[in-house]
Structure formats: C-alpha cells, structure tokens
Amino acid sequence: MKVNVLAFGIAKEIVGGSTVEVELTSDATVGELRAELEEQYPRLAKLASFMIAVNNEYAVADNALQQRDEIAIIPPVSGG
Amino acid sequence: MIDIQISDKPLDISSCIDWVMSPDCGGIDVFIGTVRNATKGKEVTRLEFEAYRQMALNEMQKIAEQALEKWPVQKLLIHHRTGVLQVGEVPVIIAVAAAHRAAAFDACRYTIDTLKETVPIWKREVFEDGEVWVAAHP
C-alpha cells in the first residue's frame, strides 16, 4: 500500500516537502515505516530522535498501519 | 476548567490572567515564555514556530488534564504562538489558578516542562548567518 506521511520541522526539509509518499506492504507496521524512511532519507537517522504519530497519537514500532491513517514524522519537539 | 489555544496572532497576557482568575482561587501562577536575543552567545534575530496543530492541541489538553488530576488546581490555560516571532515576543503563556499557591506553582512547572517534551511544536532559530531547528540534532 501507498501511505502519505506528513513531515514537520526539520523532517520537512529532509524529505523535501510537507508530505512524502511511501510504499509499504499491506500489513506494515510503524517500525517498518521507520526503517523505510531511514533508508530513503538517511538524514532522518542522524536526528537526535524521531517519532511516528498515527491519527494524532504517538505510535510504537509494532503498531499496525492502515492506508487511511493520518501518519506523521515527528522530529525532536522544541515548543515553548 | 481548561483553555488550550494555538494562534498565529500575538498572545494577550492580561486576558489569560483574567481567564484563570476565580473567587475560589487564592493563587495564580503564570509562566510567560519570551524570545531571547541570543543562544550560546550567538545573536538570534527571530524565531519561527511550526505546529502539528490538531495533535499539539490534543497533547496540550492531555497535559492540562494530567495537571488537574495531580494537583488541586481550578483553572489551567495554555496558549502557544506559531509563525515568526521577534526578540521579546511571547511564544507561550501558561496560567494556573488554585486555592493555594503550592499547587499552582507545581502544576505550572509541570505543564511547561511536559509541553517542551511532548507537544509537536518546533522552533527554528534564525541568526545573522544561518538558521537551526532547535534540538533536532544530538
């Protein structure tokens, strides 16, 4: 399946836009998405950390993804 | 009661304080974040804030609810700016009202400390000779 992933902050600069399309297997997990993103965009792996959010919640590696999920790359936050 | 807002307009400190004031509260604690003119000795010309808006609102709501569970606090407000801010402008206001001051101080500190760890908002520091996303790299 193809998923659209939102990107913010420095992640937007790394992937070259505010969304990026990623091709995954139909039963892909958050961990597999992370691995795919790091392979396509090695600069992501050089960040202090990055999280994946699914439907506005922080997700963990074994969470399953659906095509219609709202998925986002969350680089280290720095509000306040 | 909780009031959470993200705005691209200047934040209004006195209206935030007015909102938390309450006859049953004897203490109001306010944290105001301001744009500092330098980082590690280097002059900052402006900051740029970006938010993942709906998730940031959700995460701030969670923090406020946690604070109200942990301490006897009546009202808690979090307002955060987005967009371009100049030195001296206000990116964040947290205001807490409680019957007694200890709870207000503790809840206010918890709120700003947790916001900085979990809320998906990012700031970019802009210098004379470049710019950097704060905290992005180890």
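**A close look**

Modeller: Apart from its neighbours within four places in sequence, B:Arg81 is in contact with B:Ser7, B:Asp8, B:Lys9, B:Pro10, B:Leu11, B:Phe49, B:Glu89, B:Val90 and B:Pro91; contact means heavy atoms within 4.5 Å. This is a predicted model, in which local features need pLDDT of at least 70, side-chain atom pairs count only at pLDDT 80 or more, and totals for chains, interfaces and linings use all residues. Residues are numbered from 1 along each chain as its sequence is written, chains are lettered from A and ligands numbered from 1 in the order in which they are written, and side-chain values use heavy atoms, with hydrogens and water left out.

B:Arg81 belongs to strand β5 (residues 73-81) of chain B. Helices (H or I, at least four residues) and strands (E, at least two) are DSSP runs, numbered from the N terminus. With 5% relative accessibility, B:Arg81 counts as buried. Buried means under 20% relative accessible area, exposed over 50%, and partly exposed in between (1.4 Å probe, protein chains only). The side chain of B:Arg81 also reaches the backbone oxygen of B:Lys9, at 3.3 Å.

Next comes the interface. The contact takes 29 residues from chain B and 23 residues from chain A. Between them, the two chains bury about 2,100 Å², with 55% of this on carbon and sulfur atoms. Buried area is the accessible area (1.4 Å probe) that two parts lose on being put together, summed over both. On the side of chain B, B:Tyr52, B:Met55 and B:Trp122 lose the most area to chain A, together 30% of what that side buries.

Three salt bridges are found across the interface; a salt bridge is a side-chain nitrogen of Lys or Arg within 4 Å of a carboxyl oxygen of Asp or Glu. The side chains of B:Glu50 and A:Lys12 meet in a salt bridge, at 3.3 Å from N to O. Two or more residues on the side of chain B that touches chain A come from each of β4 (42-51), α2 (53-70), α3 (101-118) and β8 (121-127) of chain B.

A:Asn56 sits in the loop between β3 (51-54) and β4 (57-58) of chain A and is buried, with a relative accessible area of 12%. Not counting residues up to four places away in sequence, A:Asn56 touches A:Glu70, B:Tyr52, B:Gln54, B:Met55, B:Asn58 and B:Glu59. The side chain of A:Asn56 makes a polar contact with the side chain of B:Tyr52 (3.4 Å). A polar contact is a pair of N or O atoms within 3.5 Å; within protein, one must be able to donate a hydrogen and the other to accept it, and residues adjacent in sequence count only if both atoms are side-chain atoms. The backbone nitrogen of B:Met55 lies 3.4 Å from a polar atom of the side chain of A:Asn56.

The last topic is the rings. Over all chains, there are three aromatic pairs. Rings of Phe, Tyr and Trp (its six-membered ring) pair if their centres lie within 6.5 Å; planes under 30 degrees apart count as stacked, over 60 as edge-to-face and the rest as tilted. The ring centres of A:Phe8 and B:Trp122 are 5.2 Å apart and the planes are at 5°, so this pair is stacked. A:Phe8 is buried at 11% relative accessible area, and B:Trp122 is buried at 1%. Ring pairs link A:Phe8, B:Tyr52 and B:Trp122 into a cluster.
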